[in-house]
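Please look over this helical model before reading on. The report below takes one topic at a time.

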Amino acid sequence: MLSTVNDAWQTITPPAGDRHGPLQPMLLALTVVTGLVDAFSYLELGHVFVANMTGNVVFLAFALAGAKGFSLAASALALAAFALGAAGSGRIVTHLGPRRGRVLAVTATFEVGVTAAAVIIGWTVADPGAGATRYVLVMLLALGAGLQNGTARKLAVPDLTTTVLTQTIAGAAFESRIGGGANSRIGRRGLAAGAMFVGALVGAVLELRVSRPLGLLVALVLMVAVAVAAGRLSRQAPSWDDPR
């Protein structure tokens with residue numbers, strides 16, 4: 001139990017010399033963002049995810065089968081925009097080189113831009129989930145999530161992919177003492193799952209009980225914080241900035 005707590009604590013407050021340094025808490029913040037934006041998209045834009053693409057593949061199949069409440073166009077658009085965002089992050093990485101902090105700062109800034117546009121639309125349109133507005137929001141948010149996921153792949157911090165939890169949860173169970181393992185990185189994996197859960201819970205509460213686009217605004221604030229922190233912390237080219 002103590003090792004699990006220590007693992008979680010060192011993920012939130014990495015010790016000096018950690019090879020991933022502050023990338024870990026910043027990626028946890030972006031995992032919260034995933035929960036927030038997916039809560040908005042699923043509850044407001046109608047049975048579509050903008051960050052968790054596994055769900056959209058299933059929803060696409062449901063729509064093709066004629067199930068009610070699922071949109072073939074919305075799911076397909078989310079998948080295409082997400083892929084475009086991931087490809088864009090790949091181009092950014094190629095252009096910027098191996099410095100992980102700088103890559104995160106730049107891609108997070110791009111994500112801030114598209115999410116800010118979504119927040120403005122969500123606040124100014126009477127019904128964001130209707131008509132063409134729905135598809136514009138799906139496209140913007142999925143594009144940003146694709147940028148985020150592609151960047152997380154480049155940063156290569158174990159168990160902190162920011163948008164996918166299936167392998168994280170499976171890894172935690174497989175390597176647990178019950179599974180015959182040594183409970184390695186259980187704390188970090190638990191934090192990743194908890195971060196997305198908290199983001200989704202807060203997003204759903206804000207969506208259902210407070211104000212429709214408020215969850216997106218919270219997500220935007222977290223993205224800005226990550227972009228600024230990544231830029232400032234990587235200026236001196238610390239050891240964690242180098243992926244080698």
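## Ground rules

Contact means heavy atoms within 4.5 Å. This is a predicted model: local features need pLDDT of at least 70, side-chain atom pairs count only at pLDDT 80 or more, and totals for chains, interfaces and linings use all residues. Residues are numbered from 1 along each chain as its sequence is written, and side-chain values use heavy atoms, with hydrogens and water left out.

Helices are DSSP runs (H or I, at least four residues), as are strands (E, at least two), numbered from the N terminus.

## Leucine 30

Leucine 30 sits in helix α2. Because its relative accessibility is 3%, leucine 30 counts as buried. Buried means under 20% relative accessible area, exposed over 50%, and partly exposed in between (1.4 Å probe, protein chains only).

Which residues does leucine 30 contact, leaving aside neighbours within four places in sequence? They are Leu104, Glu111, Gln148, Thr162, Met223 and Val226. Take threonine 162: it lies 132 residues from leucine 30 along the chain, yet their C-alpha atoms are separated by 5.9 Å.

## The nonpolar core

A nonpolar core is a set of buried Ala, Val, Leu, Ile, Met, Phe, Trp, Tyr and Cys residues joined through side-chain atoms within 4.5 Å. The largest one here has 48 residues. Leu23, Leu30, Val37, Leu104, Leu216 and Val226 have the most contacts inside it. Two or more residues come from each of α2 (23–44), α4 (72–96), α5 (100–124), α6 (131–155), α8 (186–210) and α9 (214–233). The largest share, eleven residues, comes from α2. Apart from this core lies another, of five residues, including Val93, Leu96, Val103 and Leu147.

Leucine 104 is in contact with Leu23, Met26, Leu30, Thr151, Leu155, Val226 and Ala230, again leaving aside neighbours within four places in sequence.

## Helix α2 and its end

α2 has 22 residues, and 19 of them are buried. From first C-alpha to last, α2 reaches 31 Å, close to the 32 Å expected at 1.5 Å a residue. That expected span is 1.5 Å times one less than the number of residues.

Glutamate 44 also belongs to α2. Is glutamate 44 buried or exposed? It is buried, because its relative accessible area is 14%. Beyond residues up to four places away in sequence, glutamate 44 touches Ala39, Asp127, Pro128, Gly129, Glu207 and Arg212. Glycine 46 follows α2 and has a positive phi, near 85°.

## Two helix pairs

Axes are lines fitted to C-alpha atoms, for helices over the stretch in contact, and angles run from 0 to 180 degrees between N-to-C directions. The axes of α2 and α6 come within 11 Å and cross at roughly 155°. So α2 is roughly antiparallel to α6. Angles over 145 degrees count that way; under 35 is roughly parallel, 65 to 115 roughly perpendicular, and the rest oblique. Leu23, Leu27, Leu30, Val33, Thr34 and Phe40 of α2 make the contact with Leu137, Leu141, Gln148 and Leu155 of α6.

The axes of α5 and α9 come within 8 Å and cross at roughly 160°. These two helices, α5 and α9, are therefore roughly antiparallel to each other. Among the α5 residues that meet α9 are Gly101, Leu104, Ala108 and Trp123. Among those in α9 are Leu216, Met223, Val226 and Gly231.
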